[in-house]
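Hi,

Here is the structure I promised to pass on. Please have a look at it first, and then read my notes below.

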Amino acid sequence: MNRLLMTILSLLTASTYCYAQHTVEIKGKIDGVKSGQLVLLRHRSENKIDTLGTTPFSTPDFALSASLSEPSVVRLVVAGYAGGFEFIAEPGAQYLALLKDGDGAYIKGGDLQDKWLHFQSWMKASQDSIDIVKKRYDALLAQNKYRSASRTNDTLIYLQKRQLEEQENFLKGNDNIISAYMAQSTAVAKGLSLEDSERLYVTLGPSARSSISGRIMKERIDRLKKTSTGQKAPDFTMSAPDGKQYTISKVPGKIKIVDFWASWCGPCRLNNRTLKELYATYHTQGLEIIGVSMDDNRDKWIDAIEKDQLPWINISDLKAWKSEVSKLYDITGIPALFILDENNNIIGRNIKGEALKTFINKQFNR
């Protein structure tokens, strides 16, 4: 996403593109909540959310209207409650909903939403059939009935192949927000790498790429490119426990390891042993380590530093996963390590254990 478009996005509110605005209407019932506020939300970008509409309700019935300029994946949320109800909204469409916990909830209406619901229903039935055959296959193997198991496995392979073909046909037939949303949500849920995200993105048609979900997918790819090997490490400044501020690019070092960790993360604490060994061996030769804590509790953060006796630079904004830096570096799990050269270029990422020792050893013994 270029700088001009980012500027435009920062100036606009609910309408991010110059399309005609149309009303979306959602009517229905809420089961389990007597009164409150219903809110309709939409991701405008990876990290920005628009409030498209709100309405109070004091009985099971509700009606909410909002303006929408293009098909979008939106979420109906009861204020004060976790979760929500996601669906594909189209400008000018009307929807009927039953909002409740557990089975039976639905949001129907609009051509795209109906297509999406039909596909989800077929996929669930298909997966249920596959699971039943898989259980039968496992049971036959356990009974040493190999001939029957072989025939059952043939059925299993056929069902799995058919499911894949139906999914591919569905995606090919929906060069729109549906296929873009499936790609984008898959990339987020599975934490796909830059390479895998790009491979998924190129399978989308032009209309899918131009949809709001397609644009968010492209935003993800552009962001991941910034932290891929060979790129300049995104710069940021954070404070140490004593209040001193450190800017990553200004920390001197022939090789720098930026380690995202937290006091509550067991694997991170174990990884500190490897980092301490490397630091003791190579610090005098130019190795620096910057520990970036994903904690939100200052006392627990400092206690972990003291207990693990971490001698390097430790910084945090104590915002945990709400930290903008975690988004900047696409941190979806910890420990997450980025290795930088003296010019702050990323030369390695997420290398751990013996592989990390080998990598660092090579940098200092060329």
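This is a predicted model: local features need pLDDT of at least 70, side-chain atom pairs count only at pLDDT 80 or more; totals for chains, interfaces and linings use all residues.

Residues are numbered from 1 along each chain as its sequence is written, and side-chain values use heavy atoms, with hydrogens and water left out.

Let me start with the sheet. Five strands form an open sheet with mixed pairing, in the order β13-β12-β11-β14-β15. Helices (H or I, at least four residues) and strands (E, at least two) are DSSP runs, numbered from the N terminus, and two strands pair if DSSP finds at least two bridges between them. At the edges are β13 (313–315) and β15 (346–349), each of which pairs on one side only. On average, neighbouring strands of this sheet are turned by 20° against each other, direction ignored. Axes here are lines fitted to C-alpha atoms, for helices over the stretch in contact, and angles run from 0 to 180 degrees between N-to-C directions.

Helix α8 (residues 266–282) packs on the sheet and touches β11, β12 (287–293) and β14; its direction makes about 165° with that of β11. Contact means heavy atoms within 4.5 Å. Within the sheet, β11 (residues 255–261) and β14 (residues 336–341) pair in the antiparallel sense over six bridges, and F260 stands opposite A336 in β14.

F260 comes up again in the largest nonpolar core, which has 45 residues: F260, I315 and I360 touch the most other members. Such a core is a set of buried Ala, Val, Leu, Ile, Met, Phe, Trp, Tyr and Cys residues joined through side-chain atoms within 4.5 Å; buried means under 20% relative accessible area, exposed over 50%, and partly exposed in between (1.4 Å probe, protein chains only). Leaving aside neighbours within four places in sequence, the contacts of F260 include C268, V292, Y329 and F338. Another core, of 22 residues, lies apart from the largest one, and F57 and L76 are among its members.

Elsewhere, β2 (residues 36–43) and β3 (residues 49–57) pair in the antiparallel sense over eight bridges, and a hairpin joins them through five residues.

Finally, K352 sits in the loop between β15 and α11. K352 is partly exposed, at 35% relative accessible area, and, leaving aside neighbours within four places in sequence, is in contact with N271, P335 and L337.

Best wishes
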